[in-house]
Amino acid sequence: MVNFLKRVFFVDVLAGLALTLKYTFHRVYTEQYPTEKPKLAERYRGAPRLNNDPETGETLCIACDLCAQVCPEDLIVVGSERDPDTRKKVLTTYTFDTSRCLFCGLCQEICPTNAIELTQDFELATYSRRNMVWDRTRLEQGWDRIDYGADRETASGRESSRYERKTG
Amino acid sequence: MIEPTILDAKEIEINMGPQHPSTHGVLRVKLKIDGEKVRQAECIIGYLHRGVEKISENRNYFKCIPYYDRTDYIAAVSNGLGFILGVEKMAEIQVPERAQYIRIMMTELNRIASHLLWLATHALDIGAMTVFLYCFREREEILKLFEALFGARLTTHAFRIGGLWKDLPPGFVEAVKKFTDEFPARVDEYEQLLTKNRIWLDRTRGIGVISAAEAIEYGLSGPPLRGSGVPYDVRKLRPYGGYENFEFDVPVGKNGDTYDRYLVRIEEMLQSRRIVEQILQKLPSGPIRGKVPRVLKPAAGEYYSAVEGPRGELGYYIVSDGSTQPFRVRIRPPTFISLQVLDRLVRGHLIADVVAIIGTLDIVLGEIDR
Ligand code: SF4
Ligand code: SF4
(Lines give C-alpha, C1' and ligand atoms only; values in the text may rest on other atoms or scores of the structure.)
(Ligands and ions follow the chains in the order given, each with its own letter.)
Protein backbone atom coordinates (compact mmCIF):
# COMPACT_ATOMS: atom_id res chain seq x y z
CA MET A 1 0.00 0.00 0.00
CA VAL A 2 2.74 2.43 0.98
CA ASN A 3 4.63 1.47 -2.12
CA PHE A 4 1.56 2.03 -4.22
CA LEU A 5 1.06 5.52 -2.79
CA LYS A 6 4.73 6.27 -3.35
CA ARG A 7 4.29 5.31 -6.97
CA VAL A 8 1.20 7.39 -7.43
CA PHE A 9 2.74 10.50 -5.89
CA PHE A 10 6.04 10.18 -7.78
CA VAL A 11 8.05 10.08 -4.55
CA ASP A 12 11.14 8.69 -6.29
CA VAL A 13 11.12 11.38 -8.95
CA LEU A 14 10.36 14.16 -6.50
CA ALA A 15 13.28 13.12 -4.31
CA GLY A 16 15.55 13.71 -7.26
CA LEU A 17 13.93 17.00 -8.12
CA ALA A 18 14.29 18.20 -4.53
CA LEU A 19 18.01 17.69 -4.81
CA THR A 20 18.17 19.63 -8.04
CA LEU A 21 16.19 22.42 -6.46
CA LYS A 22 18.56 22.56 -3.53
CA TYR A 23 21.47 23.22 -5.86
CA THR A 24 19.61 26.00 -7.64
CA PHE A 25 20.47 28.24 -4.72
CA HIS A 26 24.03 27.06 -4.45
CA ARG A 27 27.32 28.67 -5.32
CA VAL A 28 28.03 28.54 -9.05
CA TYR A 29 30.95 26.35 -10.05
CA THR A 30 31.46 27.63 -13.57
CA GLU A 31 34.87 29.02 -14.38
CA GLN A 32 34.81 32.10 -16.59
CA TYR A 33 37.61 30.79 -18.71
CA PRO A 34 38.65 33.23 -21.40
CA THR A 35 38.07 36.25 -19.18
CA GLU A 36 39.55 34.67 -16.06
CA LYS A 37 42.46 32.36 -16.51
CA PRO A 38 42.48 29.39 -14.18
CA LYS A 39 45.33 29.09 -11.74
CA LEU A 40 47.19 25.95 -12.61
CA ALA A 41 49.32 23.80 -10.37
CA GLU A 42 52.99 24.61 -10.13
CA ARG A 43 53.96 21.31 -11.69
CA TYR A 44 51.69 21.65 -14.68
CA ARG A 45 53.42 20.69 -17.89
CA GLY A 46 52.45 23.09 -20.62
CA ALA A 47 54.29 25.26 -23.12
CA PRO A 48 58.07 24.80 -23.13
CA ARG A 49 60.55 27.48 -22.19
CA LEU A 50 64.31 27.63 -22.45
CA ASN A 51 65.56 29.41 -19.38
CA ASN A 52 68.22 32.06 -19.27
CA ASP A 53 70.40 32.80 -16.31
CA PRO A 54 68.55 35.68 -14.61
CA GLU A 55 71.79 37.46 -13.74
CA THR A 56 73.81 37.27 -16.90
CA GLY A 57 71.06 36.71 -19.44
CA GLU A 58 73.07 33.86 -20.93
CA THR A 59 71.31 30.63 -21.73
CA LEU A 60 71.46 27.94 -19.07
CA CYS A 61 71.63 25.22 -21.67
CA ILE A 62 75.00 23.52 -21.96
CA ALA A 63 74.06 21.73 -25.18
CA CYS A 64 74.51 18.30 -23.62
CA ASP A 65 71.78 16.87 -25.87
CA LEU A 66 70.29 14.78 -23.03
CA CYS A 67 66.81 16.18 -23.52
CA ALA A 68 66.87 15.28 -27.19
CA GLN A 69 67.97 11.74 -26.39
CA VAL A 70 65.41 11.13 -23.68
CA CYS A 71 62.45 12.44 -25.63
CA PRO A 72 60.16 9.60 -26.72
CA GLU A 73 59.12 11.50 -29.81
CA ASP A 74 62.58 12.75 -30.81
CA LEU A 75 61.20 16.19 -31.32
CA ILE A 76 63.94 18.28 -29.74
CA VAL A 77 66.85 19.24 -31.96
CA VAL A 78 69.85 20.76 -30.22
CA GLY A 79 72.39 22.48 -32.41
CA SER A 80 75.78 23.26 -30.95
CA GLU A 81 79.32 24.12 -31.92
CA ARG A 82 82.59 23.90 -30.06
CA ASP A 83 84.06 27.19 -28.93
CA PRO A 84 87.65 27.12 -30.28
CA ASP A 85 89.06 28.97 -27.25
CA THR A 86 87.38 27.31 -24.29
CA ARG A 87 86.79 23.90 -25.98
CA LYS A 88 83.27 24.00 -24.58
CA LYS A 89 80.08 23.23 -26.46
CA VAL A 90 77.96 26.28 -27.11
CA LEU A 91 74.28 26.17 -27.96
CA THR A 92 73.47 27.59 -31.39
CA THR A 93 69.97 26.45 -32.26
CA TYR A 94 67.22 24.69 -30.37
CA THR A 95 63.92 23.64 -31.88
CA PHE A 96 60.96 22.11 -30.10
CA ASP A 97 58.01 20.73 -32.03
CA THR A 98 55.01 21.30 -29.77
CA SER A 99 52.68 19.57 -32.22
CA ARG A 100 54.23 16.19 -31.46
CA CYS A 101 55.03 16.70 -27.79
CA LEU A 102 53.46 14.32 -25.28
CA PHE A 103 54.08 16.76 -22.44
CA CYS A 104 55.47 13.85 -20.49
CA GLY A 105 58.11 15.97 -18.82
CA LEU A 106 61.03 13.58 -19.36
CA CYS A 107 63.09 16.36 -20.95
CA GLN A 108 62.77 18.73 -18.03
CA GLU A 109 63.43 15.89 -15.60
CA ILE A 110 66.76 14.98 -17.14
CA CYS A 111 68.08 18.45 -17.88
CA PRO A 112 71.09 18.97 -15.59
CA THR A 113 70.81 22.76 -15.54
CA ASN A 114 67.02 23.24 -15.56
CA ALA A 115 67.31 24.95 -18.91
CA ILE A 116 64.32 23.36 -20.63
CA GLU A 117 61.18 23.70 -18.58
CA LEU A 118 57.52 23.06 -19.21
CA THR A 119 55.55 26.01 -17.90
CA GLN A 120 51.98 26.63 -16.83
CA ASP A 121 51.15 28.32 -20.11
CA PHE A 122 48.62 26.10 -21.83
CA GLU A 123 47.33 28.11 -24.78
CA LEU A 124 49.16 26.55 -27.67
CA ALA A 125 46.69 26.87 -30.52
CA THR A 126 47.89 28.53 -33.68
CA TYR A 127 46.65 29.01 -37.21
CA SER A 128 49.32 26.97 -38.94
CA ARG A 129 51.37 23.86 -38.40
CA ARG A 130 54.62 25.63 -38.93
CA ASN A 131 53.87 27.85 -36.00
CA MET A 132 53.89 24.84 -33.75
CA VAL A 133 57.61 24.32 -34.19
CA TRP A 134 59.23 26.63 -31.70
CA ASP A 135 62.69 27.98 -32.36
CA ARG A 136 65.19 29.14 -29.82
CA THR A 137 64.04 32.76 -29.80
CA ARG A 138 60.50 31.81 -29.10
CA LEU A 139 61.47 29.30 -26.46
CA GLU A 140 63.54 31.89 -24.64
CA GLN A 141 61.36 34.94 -24.99
CA GLY A 142 57.95 33.39 -24.90
CA TRP A 143 55.33 33.57 -27.47
CA ASP A 144 53.53 36.78 -28.20
CA ARG A 145 50.20 35.27 -29.02
CA ILE A 146 48.36 38.51 -29.64
CA ASP A 147 50.54 39.84 -32.39
CA TYR A 148 49.78 37.37 -35.14
CA GLY A 149 51.52 39.58 -37.66
CA ALA A 150 54.91 38.99 -36.11
CA ASP A 151 54.32 35.25 -36.22
CA ARG A 152 53.72 35.40 -39.92
CA GLU A 153 57.06 36.97 -40.62
CA THR A 154 59.16 34.69 -38.48
CA ALA A 155 57.49 31.37 -38.96
CA SER A 156 56.68 31.16 -42.63
CA GLY A 157 56.22 33.23 -45.71
CA ARG A 158 53.11 31.45 -46.91
CA GLU A 159 49.93 31.66 -44.93
CA SER A 160 46.35 30.83 -45.67
CA SER A 161 43.82 33.43 -46.70
CA ARG A 162 41.90 32.80 -43.50
CA TYR A 163 44.96 33.91 -41.66
CA GLU A 164 45.16 37.09 -43.72
CA ARG A 165 41.64 37.98 -42.85
CA LYS A 166 42.25 37.44 -39.17
CA THR A 167 45.17 39.80 -39.08
CA GLY A 168 43.29 42.23 -41.22
CA MET B 1 22.62 -19.53 -28.93
CA ILE B 2 23.39 -17.78 -32.17
CA GLU B 3 20.30 -17.67 -34.33
CA PRO B 4 20.63 -17.50 -38.06
CA THR B 5 20.29 -13.90 -39.12
CA ILE B 6 19.25 -13.88 -42.69
CA LEU B 7 18.38 -10.50 -43.96
CA ASP B 8 14.79 -11.11 -44.83
CA ALA B 9 12.21 -8.57 -45.91
CA LYS B 10 11.46 -7.35 -42.41
CA GLU B 11 15.06 -6.82 -41.31
CA ILE B 12 17.03 -3.74 -42.12
CA GLU B 13 20.59 -2.87 -41.36
CA ILE B 14 21.45 0.44 -39.80
CA ASN B 15 24.67 2.02 -38.85
CA MET B 16 25.38 3.44 -35.42
CA GLY B 17 28.50 5.51 -35.19
CA PRO B 18 31.39 5.98 -35.68
CA GLN B 19 30.46 9.50 -34.69
CA HIS B 20 27.65 8.64 -32.35
CA PRO B 21 27.65 10.46 -29.02
CA SER B 22 26.79 7.39 -26.99
CA THR B 23 29.63 5.24 -28.28
CA HIS B 24 32.15 7.15 -26.17
CA GLY B 25 34.72 7.39 -28.88
CA VAL B 26 34.66 6.13 -32.39
CA LEU B 27 32.91 2.80 -32.40
CA ARG B 28 30.82 1.74 -35.34
CA VAL B 29 28.04 -0.73 -34.68
CA LYS B 30 26.16 -2.33 -37.52
CA LEU B 31 22.71 -3.18 -36.21
CA LYS B 32 20.34 -5.57 -37.89
CA ILE B 33 16.92 -4.55 -36.75
CA ASP B 34 13.43 -5.81 -37.11
CA GLY B 35 11.21 -2.86 -36.35
CA GLU B 36 12.55 -1.63 -33.01
CA LYS B 37 14.05 -4.97 -32.04
CA VAL B 38 17.73 -5.59 -32.49
CA ARG B 39 18.55 -8.93 -34.06
CA GLN B 40 22.30 -8.66 -34.33
CA ALA B 41 25.06 -6.18 -33.68
CA GLU B 42 28.44 -6.16 -35.29
CA CYS B 43 31.18 -3.95 -33.91
CA ILE B 44 33.65 -2.37 -36.25
CA ILE B 45 36.67 -1.00 -34.46
CA GLY B 46 40.03 0.39 -35.34
CA TYR B 47 39.29 4.06 -35.90
CA LEU B 48 41.56 5.04 -33.04
CA HIS B 49 44.41 2.65 -33.73
CA ARG B 50 47.78 4.20 -33.07
CA GLY B 51 49.94 1.13 -32.74
CA VAL B 52 50.95 1.57 -29.13
CA GLU B 53 52.29 -1.96 -28.93
CA LYS B 54 54.52 -1.41 -31.94
CA ILE B 55 55.65 1.97 -30.65
CA SER B 56 56.78 0.26 -27.44
CA GLU B 57 59.11 -2.00 -29.40
CA ASN B 58 61.01 1.04 -30.62
CA ARG B 59 61.41 2.89 -27.34
CA ASN B 60 63.35 2.05 -24.24
CA TYR B 61 61.53 1.13 -21.06
CA PHE B 62 61.42 4.68 -19.72
CA LYS B 63 60.09 6.18 -22.89
CA CYS B 64 57.23 3.70 -23.33
CA ILE B 65 55.33 4.78 -20.28
CA PRO B 66 53.73 8.03 -21.47
CA TYR B 67 52.15 6.19 -24.40
CA TYR B 68 50.15 3.86 -22.17
CA ASP B 69 48.37 6.87 -20.68
CA ARG B 70 46.88 7.30 -24.08
CA THR B 71 45.36 3.86 -24.38
CA ASP B 72 42.75 4.11 -21.66
CA TYR B 73 42.89 7.83 -21.19
CA ILE B 74 40.22 7.82 -18.48
CA ALA B 75 42.37 5.63 -16.26
CA ALA B 76 45.83 6.79 -17.21
CA VAL B 77 47.22 6.25 -13.74
CA SER B 78 46.46 2.54 -13.50
CA ASN B 79 47.63 2.01 -17.06
CA GLY B 80 51.07 3.26 -16.27
CA LEU B 81 51.14 1.25 -13.06
CA GLY B 82 50.57 -2.05 -14.85
CA PHE B 83 53.56 -1.64 -17.12
CA ILE B 84 55.82 -0.18 -14.47
CA LEU B 85 55.13 -2.99 -12.01
CA GLY B 86 56.03 -5.49 -14.71
CA VAL B 87 59.31 -3.79 -15.54
CA GLU B 88 60.17 -3.48 -11.86
CA LYS B 89 59.63 -7.19 -11.38
CA MET B 90 61.72 -8.04 -14.41
CA ALA B 91 64.60 -5.77 -13.46
CA GLU B 92 64.28 -6.52 -9.73
CA ILE B 93 63.94 -2.91 -8.71
CA GLN B 94 62.89 -2.17 -5.14
CA VAL B 95 60.27 0.50 -4.64
CA PRO B 96 60.24 2.41 -1.34
CA GLU B 97 57.17 1.97 0.79
CA ARG B 98 56.08 5.56 0.61
CA ALA B 99 56.05 5.44 -3.16
CA GLN B 100 53.99 2.26 -3.09
CA TYR B 101 51.41 3.82 -0.82
CA ILE B 102 51.13 6.95 -2.90
CA ARG B 103 50.79 4.83 -6.02
CA ILE B 104 47.88 2.91 -4.57
CA MET B 105 46.25 6.07 -3.31
CA MET B 106 46.41 7.66 -6.74
CA THR B 107 45.21 4.57 -8.60
CA GLU B 108 42.23 4.36 -6.29
CA LEU B 109 41.44 8.02 -6.80
CA ASN B 110 41.72 7.33 -10.50
CA ARG B 111 39.25 4.49 -10.13
CA ILE B 112 36.80 6.89 -8.50
CA ALA B 113 37.33 9.46 -11.25
CA SER B 114 36.85 6.83 -13.91
CA HIS B 115 33.67 5.46 -12.38
CA LEU B 116 32.37 8.99 -11.99
CA LEU B 117 32.90 9.64 -15.66
CA TRP B 118 31.22 6.35 -16.43
CA LEU B 119 28.24 7.18 -14.22
CA ALA B 120 27.97 10.65 -15.68
CA THR B 121 27.95 9.57 -19.30
CA HIS B 122 25.92 6.44 -18.72
CA ALA B 123 23.21 8.45 -17.00
CA LEU B 124 23.39 11.07 -19.71
CA ASP B 125 22.93 8.41 -22.40
CA ILE B 126 19.86 7.13 -20.65
CA GLY B 127 18.54 10.63 -20.19
CA ALA B 128 19.49 11.81 -16.71
CA MET B 129 21.27 15.08 -17.24
CA THR B 130 21.71 16.25 -13.66
CA VAL B 131 23.89 13.37 -12.55
CA PHE B 132 26.33 14.28 -15.27
CA LEU B 133 26.94 17.70 -13.79
CA TYR B 134 27.30 16.44 -10.23
CA CYS B 135 29.71 13.70 -11.20
CA PHE B 136 31.90 16.06 -13.12
CA ARG B 137 32.07 18.32 -10.10
CA GLU B 138 33.68 15.56 -8.02
CA ARG B 139 35.80 14.36 -10.89
CA GLU B 140 37.18 17.85 -11.21
CA GLU B 141 38.37 17.67 -7.60
CA ILE B 142 40.32 14.52 -8.38
CA LEU B 143 41.76 15.93 -11.58
CA LYS B 144 42.94 18.94 -9.60
CA LEU B 145 44.76 16.55 -7.27
CA PHE B 146 46.35 14.87 -10.28
CA GLU B 147 47.40 18.21 -11.63
CA ALA B 148 49.02 19.16 -8.34
CA LEU B 149 50.92 15.90 -7.96
CA PHE B 150 51.64 14.71 -11.49
CA GLY B 151 51.54 17.94 -13.44
CA ALA B 152 48.79 16.89 -15.82
CA ARG B 153 45.13 16.13 -15.59
CA LEU B 154 44.39 13.40 -18.07
CA THR B 155 47.54 11.96 -19.60
CA THR B 156 49.29 12.07 -16.30
CA HIS B 157 52.54 10.14 -16.86
CA ALA B 158 51.99 9.43 -13.21
CA PHE B 159 54.68 7.03 -12.06
CA ARG B 160 58.27 6.38 -12.95
CA ILE B 161 60.12 3.09 -12.88
CA GLY B 162 61.34 2.75 -9.29
CA GLY B 163 58.91 5.19 -7.70
CA LEU B 164 57.54 8.63 -8.38
CA TRP B 165 58.63 11.79 -10.09
CA LYS B 166 58.24 14.07 -7.09
CA ASP B 167 56.90 13.79 -3.58
CA LEU B 168 53.48 15.07 -2.56
CA PRO B 169 53.15 18.85 -2.84
CA PRO B 170 52.33 20.80 0.33
CA GLY B 171 48.70 20.63 1.35
CA PHE B 172 48.06 17.52 -0.71
CA VAL B 173 47.17 15.17 2.12
CA GLU B 174 44.67 17.69 3.49
CA ALA B 175 43.09 18.08 0.07
CA VAL B 176 42.67 14.32 -0.29
CA LYS B 177 41.29 14.14 3.22
CA LYS B 178 38.75 16.80 2.43
CA PHE B 179 37.71 14.91 -0.66
CA THR B 180 37.30 11.56 1.11
CA ASP B 181 35.33 13.19 3.91
CA GLU B 182 32.86 14.78 1.54
CA PHE B 183 32.59 11.96 -0.93
CA PRO B 184 30.02 9.64 0.72
CA ALA B 185 27.50 12.48 0.90
CA ARG B 186 28.04 13.06 -2.80
CA VAL B 187 27.44 9.40 -3.60
CA ASP B 188 24.20 9.64 -1.62
CA GLU B 189 23.18 12.44 -3.95
CA TYR B 190 23.73 10.32 -7.05
CA GLU B 191 21.81 7.52 -5.47
CA GLN B 192 19.00 9.84 -4.54
CA LEU B 193 18.74 10.80 -8.17
CA LEU B 194 19.01 7.33 -9.65
CA THR B 195 18.82 4.23 -7.48
CA LYS B 196 15.10 4.36 -6.84
CA ASN B 197 14.12 6.47 -9.80
CA ARG B 198 11.52 4.57 -11.79
CA ILE B 199 12.79 5.72 -15.17
CA TRP B 200 16.26 4.56 -14.25
CA LEU B 201 14.94 1.23 -13.00
CA ASP B 202 12.90 0.67 -16.13
CA ARG B 203 15.80 1.47 -18.37
CA THR B 204 18.38 -0.63 -16.56
CA ARG B 205 16.72 -3.57 -14.77
CA GLY B 206 16.68 -6.72 -16.82
CA ILE B 207 18.62 -5.08 -19.65
CA GLY B 208 21.73 -6.81 -20.92
CA VAL B 209 21.60 -9.79 -18.60
CA ILE B 210 24.57 -12.12 -18.61
CA SER B 211 24.93 -15.12 -16.35
CA ALA B 212 28.04 -15.82 -14.32
CA ALA B 213 29.00 -18.86 -16.36
CA GLU B 214 28.65 -16.99 -19.61
CA ALA B 215 30.56 -13.99 -18.32
CA ILE B 216 33.46 -16.26 -17.42
CA GLU B 217 33.27 -17.94 -20.79
CA TYR B 218 33.56 -14.63 -22.56
CA GLY B 219 36.55 -13.70 -20.42
CA LEU B 220 34.96 -10.64 -18.90
CA SER B 221 36.60 -8.95 -15.95
CA GLY B 222 35.95 -5.99 -13.73
CA PRO B 223 32.44 -4.70 -13.01
CA PRO B 224 30.78 -6.55 -15.93
CA LEU B 225 31.97 -9.83 -14.40
CA ARG B 226 31.34 -8.86 -10.80
CA GLY B 227 27.87 -7.64 -11.68
CA SER B 228 27.07 -11.26 -12.51
CA GLY B 229 28.16 -12.38 -9.06
CA VAL B 230 31.72 -13.57 -9.61
CA PRO B 231 34.02 -12.04 -6.98
CA TYR B 232 37.06 -11.83 -9.24
CA ASP B 233 39.36 -8.96 -8.44
CA VAL B 234 43.07 -8.98 -9.23
CA ARG B 235 43.73 -6.79 -6.22
CA LYS B 236 42.45 -9.55 -3.94
CA LEU B 237 43.48 -12.69 -5.78
CA ARG B 238 46.96 -11.72 -6.92
CA PRO B 239 47.78 -8.65 -4.82
CA TYR B 240 50.32 -6.36 -6.43
CA GLY B 241 52.14 -3.24 -5.40
CA GLY B 242 51.14 -3.46 -1.72
CA TYR B 243 47.38 -4.01 -1.94
CA GLU B 244 47.67 -6.84 0.58
CA ASN B 245 48.12 -4.25 3.33
CA PHE B 246 44.67 -2.75 2.95
CA GLU B 247 41.18 -3.84 3.75
CA PHE B 248 38.43 -3.59 1.22
CA ASP B 249 35.50 -5.62 -0.01
CA VAL B 250 34.79 -6.77 -3.51
CA PRO B 251 31.15 -5.90 -4.23
CA VAL B 252 29.25 -8.32 -6.46
CA GLY B 253 25.85 -8.18 -8.08
CA LYS B 254 23.22 -10.87 -8.38
CA ASN B 255 21.36 -10.66 -11.64
CA GLY B 256 24.09 -9.57 -13.99
CA ASP B 257 21.98 -6.82 -15.53
CA THR B 258 22.75 -3.17 -16.15
CA TYR B 259 21.28 -2.14 -12.83
CA ASP B 260 23.51 -4.53 -10.87
CA ARG B 261 26.58 -3.33 -12.66
CA TYR B 262 25.57 0.19 -11.70
CA LEU B 263 25.29 -0.81 -8.03
CA VAL B 264 28.64 -2.61 -8.17
CA ARG B 265 30.40 0.45 -9.50
CA ILE B 266 28.80 2.75 -6.96
CA GLU B 267 29.95 0.45 -4.17
CA GLU B 268 33.41 0.20 -5.69
CA MET B 269 33.81 3.94 -5.48
CA LEU B 270 33.08 3.78 -1.76
CA GLN B 271 35.53 0.91 -1.34
CA SER B 272 38.22 2.87 -3.15
CA ARG B 273 37.57 5.72 -0.79
CA ARG B 274 38.03 3.32 2.08
CA ILE B 275 41.47 2.31 0.78
CA VAL B 276 42.47 5.95 0.36
CA GLU B 277 41.45 6.67 3.93
CA GLN B 278 43.55 3.80 5.23
CA ILE B 279 46.54 5.07 3.27
CA LEU B 280 46.15 8.56 4.65
CA GLN B 281 46.26 7.11 8.14
CA LYS B 282 49.45 5.14 7.74
CA LEU B 283 51.33 6.97 5.02
CA PRO B 284 55.00 6.34 5.86
CA SER B 285 57.72 8.87 5.26
CA GLY B 286 60.91 8.15 3.42
CA PRO B 287 62.31 8.26 -0.09
CA ILE B 288 60.03 8.09 -3.09
CA ARG B 289 62.34 6.58 -5.65
CA GLY B 290 64.42 3.44 -5.46
CA LYS B 291 67.70 2.73 -7.17
CA VAL B 292 67.20 2.49 -10.90
CA PRO B 293 70.07 1.94 -13.32
CA ARG B 294 70.46 4.68 -15.91
CA VAL B 295 70.49 2.09 -18.65
CA LEU B 296 67.79 -0.41 -17.89
CA LYS B 297 68.33 -3.88 -19.33
CA PRO B 298 66.01 -6.44 -17.77
CA ALA B 299 67.12 -10.05 -18.10
CA ALA B 300 65.76 -11.85 -21.12
CA GLY B 301 62.43 -13.48 -20.43
CA GLU B 302 58.72 -13.03 -20.40
CA TYR B 303 56.56 -11.48 -17.78
CA TYR B 304 52.86 -10.90 -17.39
CA SER B 305 51.83 -8.12 -15.09
CA ALA B 306 48.16 -7.61 -14.37
CA VAL B 307 46.44 -4.87 -12.44
CA GLU B 308 42.81 -4.29 -11.66
CA GLY B 309 42.00 -1.22 -13.68
CA PRO B 310 38.67 0.52 -13.25
CA ARG B 311 37.33 -1.51 -16.16
CA GLY B 312 38.77 -4.88 -15.28
CA GLU B 313 41.94 -6.85 -15.55
CA LEU B 314 44.50 -4.85 -17.43
CA GLY B 315 47.48 -6.97 -18.36
CA TYR B 316 50.85 -6.23 -19.87
CA TYR B 317 52.71 -9.15 -21.36
CA ILE B 318 56.27 -7.97 -21.68
CA VAL B 319 58.97 -9.91 -23.50
CA SER B 320 62.53 -8.82 -22.96
CA ASP B 321 65.48 -9.90 -25.07
CA GLY B 322 67.97 -8.38 -22.66
CA SER B 323 68.30 -5.08 -24.51
CA THR B 324 67.15 -1.63 -23.49
CA GLN B 325 63.93 -1.94 -25.45
CA PRO B 326 61.11 -4.41 -24.95
CA PHE B 327 61.06 -7.08 -27.61
CA ARG B 328 57.30 -7.20 -27.50
CA VAL B 329 54.60 -5.65 -25.35
CA ARG B 330 51.14 -7.05 -25.59
CA ILE B 331 48.38 -5.22 -23.76
CA ARG B 332 45.34 -7.09 -22.56
CA PRO B 333 42.73 -4.37 -22.49
CA PRO B 334 39.70 -5.20 -20.37
CA THR B 335 37.20 -3.37 -22.52
CA PHE B 336 38.29 -5.00 -25.76
CA ILE B 337 37.04 -8.22 -24.24
CA SER B 338 33.95 -6.59 -22.72
CA LEU B 339 32.99 -5.33 -26.14
CA GLN B 340 32.80 -8.90 -27.46
CA VAL B 341 29.64 -9.54 -25.46
CA LEU B 342 27.81 -6.59 -26.98
CA ASP B 343 26.27 -8.71 -29.70
CA ARG B 344 25.18 -11.30 -27.17
CA LEU B 345 23.66 -8.67 -24.85
CA VAL B 346 21.73 -6.55 -27.32
CA ARG B 347 19.87 -9.34 -29.12
CA GLY B 348 16.17 -8.99 -28.58
CA HIS B 349 16.39 -5.58 -26.94
CA LEU B 350 15.23 -2.27 -28.35
CA ILE B 351 17.49 0.15 -30.18
CA ALA B 352 17.41 2.56 -27.26
CA ASP B 353 18.76 -0.19 -25.01
CA VAL B 354 21.85 -0.59 -27.18
CA VAL B 355 22.93 2.76 -25.84
CA ALA B 356 22.40 1.61 -22.26
CA ILE B 357 24.31 -1.60 -22.88
CA ILE B 358 27.27 0.11 -24.50
CA GLY B 359 27.28 2.42 -21.50
CA THR B 360 27.17 -0.36 -18.94
CA LEU B 361 30.14 -2.12 -20.49
CA ASP B 362 32.10 1.10 -19.92
CA ILE B 363 34.20 0.84 -23.03
CA VAL B 364 37.01 3.19 -23.92
CA LEU B 365 37.86 3.12 -27.58
CA GLY B 366 41.38 4.34 -27.09
CA GLU B 367 42.08 1.13 -25.27
CA ILE B 368 40.17 -1.15 -27.62
CA ASP B 369 41.95 0.10 -30.71
CA ARG B 370 45.22 0.89 -28.99
S1 SF4 C 1 57.68 16.65 -22.79
FE2 SF4 C 1 58.21 14.59 -23.43
S3 SF4 C 1 57.59 14.48 -25.56
FE4 SF4 C 1 57.66 16.64 -25.01
S5 SF4 C 1 59.71 17.28 -25.59
FE6 SF4 C 1 59.81 16.71 -23.44
S7 SF4 C 1 60.45 14.57 -23.48
FE8 SF4 C 1 59.74 15.07 -25.53
S1 SF4 D 1 68.12 21.87 -22.44
FE2 SF4 D 1 69.14 20.86 -20.73
S3 SF4 D 1 69.23 18.72 -21.34
FE4 SF4 D 1 68.76 19.85 -23.18
S5 SF4 D 1 70.74 20.22 -24.14
FE6 SF4 D 1 70.31 22.00 -22.85
S7 SF4 D 1 71.25 21.54 -20.90
FE8 SF4 D 1 71.15 19.61 -22.01
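Okay everyone, which cavity is the space taken by ligand 1? It's the largest cavity. Quick reminder before I go on: this model is predicted.

So, ligand 1. It has 13 residues around it, and the closest are C71(A), C101(A), C104(A), G105(A) and C107(A). By class, that shell has twelve nonpolar residues, one polar and no charged.

Now ligand 2. Its space is the second largest cavity. Among the residues surrounding ligand 2 are C61(A), D65(A), Y94(A) and T113(A). Here the shell splits into ten nonpolar, one polar and one charged.

Let's move on to salt bridges. Side chains of opposite charge can pair when their charged atoms come close. Over all chains, the count is 36 salt bridges.

Take R311(B) and D362(B): their closest N and O atoms are 3.5 Å apart. R311(B) sits in the loop between β6 and β7 of chain B, and D362(B) in the loop between α14 and α15, so this pair ties together parts that are 51 residues apart in sequence. And are these two buried or exposed? Both R311(B) and D362(B) are buried.

Next, E277(B) and R273(B), which meet at 3.1 Å, N to O. They're four residues apart in helix α11 of chain B, so about one helical turn separates them. R273(B) is buried at 16% relative accessible area, while E277(B) is partly exposed at 24%.

Last one: R274(B) pairs with D249(B), at 3.3 Å between the closest N and O atoms. R274(B) is in helix α11, D249(B) in the loop between α10 and α11, 25 residues apart.

Oh, and there's a salt-bridge network too, including E108(B), R111(B) and R226(B). That's me done!

Technical notes:
Residues are numbered from 1 along each chain as its sequence is written. Chains are lettered from A and ligands numbered from 1 in the order in which they are written. This is a predicted model: local features need pLDDT of at least 70, side-chain atom pairs count only at pLDDT 80 or more; totals for chains, interfaces and linings use all residues. Side-chain values use heavy atoms; hydrogens and water are left out. A residue is near a molecule or strand if one of its heavy atoms lies within 4 Å of it. On a 1 Å grid over the protein atoms alone, a cavity is a set of points where a 1.4 Å probe fits but cannot get out, and a pocket is an open set with protein on both sides within 12 Å along at least five of seven lines; lining residues have an atom within 4 Å of a point. A molecule sits in a cavity or pocket if more than half of its atoms lie within 2 Å of its grid points. Ala, Val, Leu, Ile, Met, Phe, Trp, Tyr, Cys and Pro count as nonpolar, Asp, Glu, Lys and Arg as charged, and the others, Gly among them, as polar. A salt bridge is a side-chain nitrogen of Lys or Arg within 4 Å of a carboxyl oxygen of Asp or Glu. Helices (H or I, at least four residues) and strands (E, at least two) are DSSP runs, numbered from the N terminus. Buried means under 20% relative accessible area, exposed over 50%, partly exposed in between (1.4 Å probe, protein chains only).
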